[in-house]
Amino acid sequence: MPLLGAAERDALLLSLSVALRSVAVSLPLAIAAAWLLTRRRFIGRTLLDALIHLPLVLPPVVIGYALLLLFGTRGPIGGWLDRELGVQLIFTRAGAALATGVMSFPLIVRAVRLSLEGVDRGLEQAARTLGAGPLDRFATITLPLIAPGILAGAITAFAAGLGEFGAVITFASNIPGETRTLPLALYSALQTPGGDALAARLAALSFALGLAGLLASEVLARLMQRRLGRA
Amino acid sequence: MLSVRLQTTRGAFSLDVAFEVQTPAVVALIGASGSGKTTTLDALAGLLAPAAGRIAVGDSVLFDAGAIDVPAERRRIGYVFQDSRLFPHRSVRGNLLYGERRAPPGARDFALDGVAQLLGLGALLGRRPHQLSGGERKRVAIGRALLSQPRLLLLDEPLASLDPARREELLPYLERLRDGLRIPIVYVSHQLDEVYRLATQVVLLANGRVAAQGDLGAVSRHPALRELLGPEAACVVVAGEVRGAHGGLARVRVGDGELALYLGEAQPRERVLLLVRARDVILSAEEPRGLAQPNVLVGAITALAAETESARLAEVDAGGVRLLARVSAERADALRLTVGSRVWLIVNDASRYAGGPSA
């Protein structure tokens, strides 16, 4: 018997693809959000901070429901996407990625923010006196210095994204091959008579992936810190 | 020429300074902490905007309140921060070339090879900042600033965080900078020996105001400087002419006398400026005899001021040059020294003054 059956393989590949897409889309936005929250003082900053962190404290089903209202074919954003671009997010793999991305967004923001707060602003000032404009400074000084935080955040979000359940099942439903990611496959297996063995294998797979993700994040962050001479 | 006029307030602190410097020059900006030295440097570099004033280097105006405020990244002012601020994710070479790559194409006064040689960086190029000693870091920061092709160099206490051995290691490099550069240097310091060795002009700040400015001799007697640096600061700058030199010992004509001094290289008939510290001059009420080194000038006291409770500072006109000598109050009274007293001065030591024309 092969190590992974078709169901496990499908669920695993789908989970990887969904998690990867969610991180790819949310990473730049999360960096921008972290930058705004750390470096700018504006009205509504605390509110924005709270909104970004809501997915950490709300039941994921609530997030899925909110996404349904916003991105459903009759929702203000979903309706526009459907009419103007012919894009539907609900019940699709892209929708699963969206739900996953919203859920793991605060994880990246927190990690990036922590690194940004640790960046010596004096280095940016030094770059400024050496002729670097704002974007140049961000790209050549700030970004490399917060790279460990970005990487750690991205890997944690990716690992967490592999297992996102509530928001995905609420918003994107549980469609085999389209939105049935690892945890959804696990849930389905448990609901099916005789699915115990499959469920156990899926659970073990999730466990291994999560652990690998966290270890990788830790090791990479340490390597990068060493390169910066801080270890 | 560097011309600076700045006014700004930060909380309860107000800064209101103005000074002008002819180039090439090393201006020492000295003052107690909180007197506005670093604020002045930051304003020059464009890292903070003064409320009023004008900053010009040569014929380009960098700041003119309400009209011109060239952003820091386009000012072309090299800034060596007190904490070096090397980029930890770049090698020494990467740090050095950071500003060089961003300099305008027309300006190429400094090249990597030359700067590396000037500052002794050749062996360090492949290293990372965390592998450098404090002194090496400072030198890399100076090199990085120079390679950005600046028209003005700012040094914020370059020797402050270094131990005495590292300071001695870095000072010759700073002297080479002073002698080799054609751009003005503004140098923040509160170390007397640095100022003596490097500065050609001094701007003394106290509570955000310029208390005194000019050559070292002129500023050295200012009460605010004495408060800051102690009585050791008192000195004069005098002109002399080398009469002969051999074995490193030069005979220098000063006023109507002659002094034998170790000045390093000196050519006969060379005009030199000498820095003579009050503590290196011994005053005698009678003609001294039997001295091993007859560095004696004769003159008359022109001023006698109480320097501290127990010390007097005597200004003596010795054949047209004015020197300072420190005398204890007790001895001054015992010898009945007053203005007009005829005295002999034993000049124990003097050094060549790097500065511009004596004031």
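1. Start with the confidence of chain B, element by element. Helix H8 (residues 223–229) of chain B has the lowest mean pLDDT among the elements of that chain, at 74. Strand S7 (residues 77–80) of chain B has the highest, at 95. Over chain B as a whole the mean pLDDT is 86, and 98% of the residues reach 70 or more. This is a predicted model, and these values are the predictor's confidence in each residue.

2. Within chain A, confidence is lowest in helix H10 (residues 196–227), where the mean is 86. Helix H6 (residues 121–129) of chain A is where confidence is highest, at 96. For the complex, the predictor gives an ipTM of 0.82 and a pTM of 0.80.

3. Next, the contact between the chains. Chain A brings 17 residues into contact with 21 residues of chain B. On the side of chain A that touches chain B, the elements that give two or more residues are H6 and H7 of chain A. H6(A) gives the most, with seven residues. By type, the residues on this side of chain A are nine nonpolar, six polar and two charged. H6(A) is also the helix of chain A with the highest confidence.

4. Helix H7 (residues 134–162) of chain A deserves a separate look. How many Å does H7 of chain A span between its end C-alpha atoms? The span is only 36 Å, whereas a straight helix of 29 residues would span 42 Å at 1.5 Å a residue. H7(A) bends by about 50 degrees at Ala147(A). A proline, Pro148(A), follows within four residues of the bend. To find the place in the model, look for Ala147(A) and Pro148(A) in H7(A).

5. Chain B holds an open sheet of five strands. Their order is S16-S20-S17-S18-S19, and the pairing is antiparallel. At the edges are strand S16 (281–284) and strand S19 (321–328) of chain B, each of which pairs on one side only. Neighbouring strands of this sheet are turned by 45 degrees against each other on average, direction ignored.

6. One pair from that sheet can be followed down to residues. Which strand of chain B pairs with S19(B) over eight bridges? Strand S18 (residues 311–318) of chain B does, in the antiparallel sense. Arg312(B) has Val327(B), in S19(B), as its bridge partner.

Notes. Residues are numbered from 1 along each chain as its sequence is written. Chains are lettered from A and ligands numbered from 1 in the order in which they are written. This is a predicted model: local features need pLDDT of at least 70, side-chain atom pairs count only at pLDDT 80 or more; totals for chains, interfaces and linings use all residues. The expected span of a helix is 1.5 Å times one less than its number of residues. The bend at a residue is the angle between axes fitted to the seven residues ending there and the seven starting there. pLDDT is the predictor's confidence in each residue, from 0 to 100. Two strands pair if DSSP finds at least two bridges between them. Axes are lines fitted to C-alpha atoms, for helices over the stretch in contact, and angles run from 0 to 180 degrees between N-to-C directions. Two residues are in contact if their C-beta atoms, placed from the backbone, lie within 7 Å. Ala, Val, Leu, Ile, Met, Phe, Trp, Tyr, Cys and Pro count as nonpolar, Asp, Glu, Lys and Arg as charged, and the others, Gly among them, as polar.
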